[in-house]
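Hi,

Here is the structure I said I would pass on. Have a look at it first, and then read on for what turned up.

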Amino acid sequence: VAFCALTHALFILGGLFSDSVADDFLTSYAMLITGGIPEHLESDNLLQQVFVYLAILLFMVFFLNVFIGVIGESYSKEKELSPLIFQKHRSRMCCAYMLRVSVIPCRMVGTGTAALGL
């Protein structure tokens with residue numbers, strides 16, 4: 001929502017980008033994500049320049065830090081669960097192997113030797 005609001009405000013402040021809405025959207029997205037200032041920013045429009053700098057600062061500091069915080073928290077939760085997930089995956093592999101062995105006949109060992117192994 002904030003990204004769309006910032007893009008709309010930048011468009012209203014003087015047609016910051018091109019005539020195409022798709023180009024405006026992509027350029028605004030690239031500007032806010034990378035923090036790069038557009039090359040074709042009007043130097044005589046002070047309101048437009050201040051708004052672009054504030055939008056980039058707000059987006060880079062606030063929204064990207066929130067995003068990084070959420071990713072970091074998710075990573076911490078998954079790291080705690082990783083031994084259980086590994087054990088679950090390994091048990092599924094063992095179960096699948098045991099089911100295959102019981103269904104697919106094998107003549108590598110005799111029935112007496114196989115009964116001793118179980």
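Let's start with the aromatic rings: there are two aromatic pairs in this structure. One of them joins Phe59 and Phe63, a tilted pair with 5.3 Å from centre to centre and 50° between the planes. Bear in mind as you read that this is a predicted model.

Where do Phe59 and Phe63 lie? Both are in helix α3 (residues 46-103), and they sit four residues apart, which is about one turn of the helix. As for how covered they are, Phe59 is buried, with a relative accessible area of 10%, while Phe63 is partly exposed at 28%.

Phe62 itself is partly exposed, with a relative accessible area of 47%. Put together, the ring pairs link Phe59, Phe62 and Phe63 into a cluster.

Now for the helix packing. Helix α1 (residues 2-12) and helix α2 (residues 21-34) have axes that come within 10 Å and cross at roughly 115°. That makes α1 roughly perpendicular to α2, and the crossing is right-handed.

Which residues meet there? From α1 you have Phe3, Leu6, Thr7, Leu10 and Phe11, and from α2 come Asp24, Phe25, Ser28, Tyr29, Met31 and Leu32. Sorted by type, the residues of this contact are eight nonpolar, two polar and one charged.

Stepping back to the whole protein chain, the secondary structure comes to four helices and zero strands, in the order α-α-α-α along the sequence. Finally, if you take the contacts between residues at least 6 apart in sequence, 53% of them join residues at least 24 apart.

If you open the model yourself, the two places to look at are the ring cluster of Phe59, Phe62 and Phe63 and the crossing of α1 and α2.

Cheers

Key
Residues numbered from 1 in each chain as written. Predicted model: local features only at pLDDT ≥ 70, side-chain atom pairs only at ≥ 80, totals over all residues. Heavy atoms only, no water. Phe/Tyr/Trp six-rings, centres within 6.5 Å; stacked < 30°, edge-to-face > 60°. Buried < 20%, exposed > 50% of the residue type's maximum accessible area, 1.4 Å probe, protein only. Axes fitted to C-alpha atoms, helices over the stretch in contact; angles between N-to-C directions. Parallel < 35°, antiparallel > 145°, perpendicular 65-115°, else oblique. Left-handed = near helix turned anticlockwise from the far one by under 90°. Contact = heavy atoms within 4.5 Å. Nonpolar A, V, L, I, M, F, W, Y, C, P; charged D, E, K, R; others polar.
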